[in-house]
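Welcome! Try each task before you read its solution.

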Amino acid sequence: MITPNEFKLQAQSQLQQSTLLEWLTLPEKAQATFAELDIPTRKTESWKYTPLTALFTQDYFNQVASTQIDESKARALFEPIEEVSRLVFVNGGFHHDLSNFSDLENQGIITLFSNANDAQREIINRHLGSTFEPEQHIFATLNYSDINEGVLIHVPKEYKVEQPIHVVYISTEESAPGFGQSRLLLLADSGSSTQLIEQHESMGISNIFHNHMSEMVLAGNAKLVHQRMQMQQEDAAHVNGLHVQLAEGSHYEQHAIALGSKLKRNDVCINFNGSNSYSRLNGVFLSKHQQHIDNHLNLEHGSPHCNSDTVYKGFITDKSRAVFNGRIHIHKDAQKTEAHLNTNNLLLSNQAELNAKPELEIYADDVKCSHGASIGQLDEKSLFYFQSRGIDRTVAEAMLCLGFVNEMVDLFPNEQVRSVITERLAGFFNDVDKLNSLWSME
Amino acid sequence: MSEAQPMLEVKDLVAEIDGKTILNGITLTVRPGEVHAIMGPNGSGKSTLANVLSGREGYEVLSGSVTFQGQDLLELAPEERARAGLFLAFQYPVEIPGVSNMQFLKASVDAIRKHREQEELDAPTFMKLAREKCKELKLKTEFLKRGVNEGFSGGEKKRNEILQMALLEPKLALLDETDSGLDIDALQVAAEGVNALRNGERSFIVVTHYQRLLNYIVPDFVHVLSEGKIVKSGGRELALELEDKGYSWIQ
């Protein structure tokens, strides 16, 4: 076990060895910020319930993981999702042969940072890292301290991207610990419409610590539907930052599912910068065994007449631990805001732990806001209903659990995404074979 | 008919919930093919009887016995009772979002068929069967895809109960206030569904407050429950008399 400070020193020495894209201005600033910041401990408010000890048990910075991968196994993870423009990153590195996005690449809509022309370099330098305060997000500064690749999605004005853009991040099975980082910058020009699917996976026993950043900048009346799947195996370590800027009249919709891991941390920050913008955040997380999963949501309502609807559901069992922190911050000028946030959780074991904390901070006087949190167990009335139809109690329990989760899964707009999730969930509840056949019925 | 082994024999049944005695010595014999109506004012123990028979938790049987086709019913878990052929149509069917009606129905039919040592129906065969039964009960087939009872109207919920009964083909069905909350059209459809399942083998216990339902599901016997006891039994005409005079003349 190393100390947090040793972890930081190891990270910094790793950063010195990496090859950066020389035209990027951000890494130098990020390195300076990272050097100033302390690795969070339990005394750091936003990390109070998420110890980083999982990161201190191994020397992840010993090596940058390679992009070697068993291609057929990798394809099996994402190919059920068809008719998409696809980019695949392996341990943070771009994998050319598994990717296929030439149509949008030729149109200049999707560009790898390493292929960016002068105009695109300028855009990346202007926007990357612009959507958040670096001091508040140490893993984002770590991410941006070392940028040798990334993806820029730039959707032109009034343009509707017909097929979803599917970005897949895979951590491979490694015997030695390793480190991988990736990042995505999406600029949606005014009136454009985009569907983005981000899928995180790991293969076998993965010793990779994967640190990911996504930044979205939506111009006036732009629309983004964002489906996020974090389906890594439980030995993965993953930290993920998502920052969204909403200009006037823009619309952001997230549907997220996350399975627990050794360490999983999600930051989702929505900034309402223009009036009449809207965000819907739907999320569901599941943890079992000794997994840990942390969801930190922050909705910064900085403009008037913006609405947000947020619903997160959690399923926590065995000795696992989960965190839900949902903050709505209504600024002084954000009159006529309507913001609702709810989290409903099933806590199924005496040794499982959930720290749920909805926060409302309101500085405007003409707003409608609500928040709520529930933590419960399976409903006895519902269980009896199943049993009274001859269904075993264990099957009834599993069906109710899956039903609880499925309510959120049903909201994912893409049918193929839904069926990939459904298949994985039957695996998550693997004690009950019965579920597979029932959930494959359409 | 009277020579056959009884479907259900309830003897001196005393049961309580939360320390309060609700059933106070019920004795009732139901033979195959018979339809018994249990009537009575609110709080007389009608629903408690249905709940105790189906094995709902929270009720404690203090004395007496219940024999179902020669088997001690009270020894069985709720799911075992269902597999043995007992069916409870709920007064308040539970809403289960996230589990589709089709999944729920398939799981229950699979469980019952497995117990009867019948082969599991494959998904297409089952779906075809479920759609047919839906049509008979004038339910839109899209309703099979919706969450169990989720957002269903009162009438749809009750018809969903009858649909489950039709698919599970029980030996004894307990209908707990199936008429409550139904308008006359919905009541007729539900009653037709029940009548279609009546035969010389299958028995019914129809629990109701009002005699209205019994115009459509005509009982062989009517029992009046008051303060946890059957205070009067008779034929169909007893129900009409009750409608005329109310419950007070019996208490």
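**Exercise 1.** How many helices and strands make up the secondary structure of chain B?

*Solution.* This is a predicted model, in which local features need pLDDT of at least 70, side-chain atom pairs count only at pLDDT 80 or more, and totals for chains, interfaces and linings use all residues. Residues are numbered from 1 along each chain as its sequence is written, chains are lettered from A and ligands numbered from 1 in the order in which they are written, and side-chain values use heavy atoms, leaving out hydrogens and water. Helices (H or I, at least four residues) and strands (E, at least two) are DSSP runs, numbered from the N terminus. For chain B the tally is seven helices and 12 strands.

**Exercise 2.** Find out whether the radius of gyration of chain B agrees with that of a compact globule.

*Solution.* Start with the rule: 2.2 Å times the number of residues to the power 0.38, with the radius taken over C-alpha atoms. For 251 residues this gives a value near 18 Å, and chain B has 18 Å, so the two agree. Next, look at the box that the C-alpha atoms of chain B fill: roughly 55 × 40 × 40 Å along the principal axes. Finally, 55% of the 251 residues count as buried; buried means under 20% relative accessible area, exposed over 50%, and partly exposed in between (1.4 Å probe, protein chains only).

**Exercise 3.** Is Ser100(B) buried or exposed, and which residues does Ser100(B) touch?

*Solution.* First place the residue: Ser100(B) belongs to strand β7, residues 96–100 of chain B. Its relative accessibility is 13%, so Ser100(B) counts as buried. Now list the contacts (heavy atoms within 4.5 Å). Leaving aside residues up to four places away in sequence, Ser100(B) touches Leu144(B), Lys145(B), Arg146(B), Gly147(B) and Val148(B).
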